[in-house]
Amino acid sequence: MSQDWSAQQYLKFEDERTRPPRDLLARVPLQSPRRVVDLGCGPGNSTELLIARYPDAEVTGLDSSPDMLRQARERLPKSTFEHADLSSWRPRERTDLLFANAVFQWVPDHPAVLKRLIESLPQGGVLAVQMPDNTDEPALALMREVASSGPWASTLAAAGAARDDLPTPADYYDLLRPLCSYLDIWHTVYNHVMAGPQGVVEWFKGSALRPFLAPLDDDMRGSFTADYTARIAKAYPARFDGKVLLPFPRLFILAVR
Ligand SMILES: C[S@@+](CC[C@H](N)C(=O)[O-])C[C@H]1O[C@@H](n2cnc3c(N)ncnc32)[C@H](O)[C@@H]1O
């Protein structure tokens, strides 16, 4: 497994993963933005929503993963995609919407980056953000538990640090409200229906498990995954029809400059 993201693994749950950007976009109050940028566009699923909503805008996607960008360009050949890191990227002038679905949880010191991006928007410009707020969920706690209790413990000592707990809504409010004419912050907990515990594991192989699996060799990766799957099966019991519910809390921020 490479350190890069895998678009193929991520898209195994495309419908579920595209629900939060739909819900976020529904709250964006802009009628005819000039430039729209999909930050952390991944395989282009969120970019596609932006193009459908704003067919007359200049919509571009930005990502730091070559595999994701390859997939996005294949999916939307007429659109422009840029290789960039959000830690240092700045929008061009006349950018009215910055849309960031499921990316800022991976960006170091993301509150400072959010602040800088809002400051760069024109009056009335919008920053729309969604991040998983799930570091206390069993699926993530169990990754850290397995990582610290196996022969891979020293190799994975730093893996848990790839994702920090999110600041509270109150923290975001204090940071962003002075810069905004309007600010809305909310949580939604989705309950995704998985075919079984293996589905939960496959879901996270496309996201939060990456920093834990990437440093391991094939044998270790197999053992880690087997141990993790056994714990997931206990933490996410089957429903009456054998399916498993994956509760997934997500934080949304809609900021208007
Ligand atoms: C979970 S995917 C989100 C994909 C898509 N936006 C969606 O709505 O499903 C997160 C994406 O953020 C990208 N990413 C992570 N850190 C980044 C950074 N510092 N700068 C730019 N993109 C980054 C990853 O490469 C990945 O494609």
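Contact, in what follows, means heavy atoms within 4.5 Å. With that settled, let me turn to the structure itself, which is a predicted model.

I begin with helix α10, residues 218-235, and its packing against helix α6, residues 138-149. On the α6 side, the residues that meet α10 are P138, A139, L142, M143, E145, V146, A147 and S149. Their counterparts in α10 are F224, D227, Y228, R231, I232 and A235. Sorted by class, this contact holds 10 nonpolar residues, one polar residue and three charged residues. As for geometry, the two axes approach within 10 Å and cross at roughly 140°. Angles over 145 degrees would count as roughly antiparallel, and α6 is therefore oblique to α10. The crossing of this pair is right-handed.

Helix α10 has a further partner in helix α8, residues 197-205. Here the axes come within 9 Å, with a crossing angle of roughly 125°. These two helices are therefore also oblique to each other, and their crossing is right-handed. From α8, the contact involves P197, Q198, V200, V201, F204 and K205. From α10, it involves T225, Y228, T229, I232 and A233. The class count is seven nonpolar, three polar and one charged. I would draw your attention to Y228 and I232 of α10: both belong to the contact with α6, and both belong to the contact with α8.

Helix α2, residues 14-25, and helix α3, residues 45-53, have axes that come within 9 Å and cross at roughly 40°. Angles under 35 degrees would count as roughly parallel, so α2 is oblique to α3. This crossing, too, is right-handed. The contributing residues are E14, T18, P21, R22 and L25 of α2, together with N45, S46, L49, L50 and R53 of α3. By class, there are four nonpolar, three polar and three charged residues in this contact.

N45 brings us to the ligand. Which residues are closest to the ligand? They are Y10, G40, N45, D63 and N101, among the 20 residues that surround it.

The backbone of L86 places a polar atom 2.9 Å from a ligand nitrogen atom. For D85, the side chain provides the N or O atom, at 3.0 Å from a nitrogen atom of the ligand.

Note on methods
Residues are numbered from 1 along each chain as its sequence is written. This is a predicted model: local features need pLDDT of at least 70, side-chain atom pairs count only at pLDDT 80 or more; totals for chains, interfaces and linings use all residues. Side-chain values use heavy atoms; hydrogens and water are left out. Axes are lines fitted to C-alpha atoms, for helices over the stretch in contact, and angles run from 0 to 180 degrees between N-to-C directions. Helices (H or I, at least four residues) and strands (E, at least two) are DSSP runs, numbered from the N terminus. Angles under 35 degrees count as roughly parallel, over 145 as roughly antiparallel, 65 to 115 as roughly perpendicular and the rest as oblique. A crossing is left-handed if the near helix is turned anticlockwise from the far one by less than a right angle, and right-handed if clockwise. Ala, Val, Leu, Ile, Met, Phe, Trp, Tyr, Cys and Pro count as nonpolar, Asp, Glu, Lys and Arg as charged, and the others, Gly among them, as polar. A residue is near a molecule or strand if one of its heavy atoms lies within 4 Å of it. A polar contact is a pair of N or O atoms within 3.5 Å; within protein, one must be able to donate a hydrogen and the other to accept it, and residues adjacent in sequence count only if both atoms are side-chain atoms.
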